[in-house]
Amino acid sequence: MFSEISELKTIREQKSRLSEREAELTQPMLTNLSMVEVLYEWFKEILAGRNCPPNIESVTQRKKFIFIVLYLYCPSALAGGKMAKGLREKLSEILGVKAPSTISNNIANVVFIYNQYKNFRRDVEWMYSEIVSRLK
């Protein structure tokens, strides 16, 4: 009976540690939405520098860019959390997408694609590191 008190204390300590870790993991690297345009220009430059540059306007490239931007601005959105205020509209504006819901639709499976497709994951990680090195 009294062992439940000890268990309850342990559960509360674990919840506290998990909440702290969640706060660390969801901390954005960037908050200034005006940088999204710069990131997209860098993204296009990086792709253009490849031996066989892909079509920048393809859905696959758009999803790679969206993944990177979400990771930089609101990593929790990649784990089912909410997107930073104004980011959806900024992405749709920069990417030339008429409806912001298109951005939401692209986000819906981007983590699945990242986890399942090695080439997609490799490209995202490479482009992310290139972009982060330019940020420094």
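The largest nonpolar core of this predicted model contains 35 residues. Leu39, Phe65, Leu70, Tyr73, Leu87 and Leu91 have the most contacts inside that core. At least two core residues come from each of α2 (35–48), α3 (59–73), α4 (87–95), α5 (100–108), α6 (110–116) and α7 (118–135). The biggest contribution is that of α3, with eight residues. In soluble globular proteins, nonpolar side chains tend to be buried together.

**Overall fold**
- The protein chain has seven helices and zero strands, in the pattern α-α-α-α-α-α-α along the sequence.
- The radius of gyration is 18 Å, well over the 14 Å that the globule rule gives for 136 residues, so the chain is more spread out than a compact globule.
- Along the principal axes, the C-alpha atoms fill a box of roughly 65 × 30 × 30 Å.
- Of the 136 residues in the protein chain, 32% are buried.
- Among contacts with a separation of 6 or more, 68% are between residues 24 or more positions apart.
- The protein chain exposes about 9000 Å², and carbon and sulfur atoms supply 51% of that area.

**Helix α4 and Leu91**
- Leu87, Lys90, Leu91, Ser92, Ile94 and Leu95 are the buried residues of α4.
- These buried residues pack against α2, α3 and α5.
- Leucine 91 is in contact with Val36, Phe65, Ile66, Val69 and Ile103, leaving aside its neighbours within four places in sequence.
- Leu91 is also one of the residues with the most contacts inside the largest nonpolar core.
- Glycine 96 follows α4 and has a positive phi, near 70°.

**Gln61 in helix α3**
- Glutamine 61 is located in helix α3.
- Its relative accessible area is 6%, under the 20% cut-off, so glutamine 61 counts as buried.
- With neighbours within four places in sequence left aside, glutamine 61 is in contact with Phe43, Leu47, Pro54, Asn55, Ile56 and Met127.
- Phenylalanine 43 is 18 residues from glutamine 61 along the chain, and their C-alpha atoms are separated by 9.4 Å.

- Met1, Phe2 and Ile5 form a nonpolar patch on the surface.
- Together these three residues have about 430 Å² of accessible area.
- Methionine 1 lies in the segment before α1 (3–25).
- With a relative accessible area of 76%, over the 50% cut-off, methionine 1 is classed as exposed.

Key: Residues are numbered from 1 along each chain as its sequence is written. This is a predicted model: local features need pLDDT of at least 70, side-chain atom pairs count only at pLDDT 80 or more; totals for chains, interfaces and linings use all residues. Side-chain values use heavy atoms; hydrogens and water are left out. A nonpolar core is a set of buried Ala, Val, Leu, Ile, Met, Phe, Trp, Tyr and Cys residues joined through side-chain atoms within 4.5 Å. Buried means under 20% relative accessible area, exposed over 50%, partly exposed in between (1.4 Å probe, protein chains only). Helices (H or I, at least four residues) and strands (E, at least two) are DSSP runs, numbered from the N terminus. Contact means heavy atoms within 4.5 Å. Patches are made of residues with over 30% relative accessible area and no salt bridge: like charges are joined within 9 Å, nonpolar side chains (Val, Leu, Ile, Met, Phe, Trp, Tyr) within 5 Å. Accessible areas come from the Shrake-Rupley method with a 1.4 Å probe; for residues, only the protein chains shown count as cover. A salt bridge is a side-chain nitrogen of Lys or Arg within 4 Å of a carboxyl oxygen of Asp or Glu. The radius of gyration is taken over C-alpha atoms; the globule rule is 2.2 Å times the number of residues to the power 0.38.
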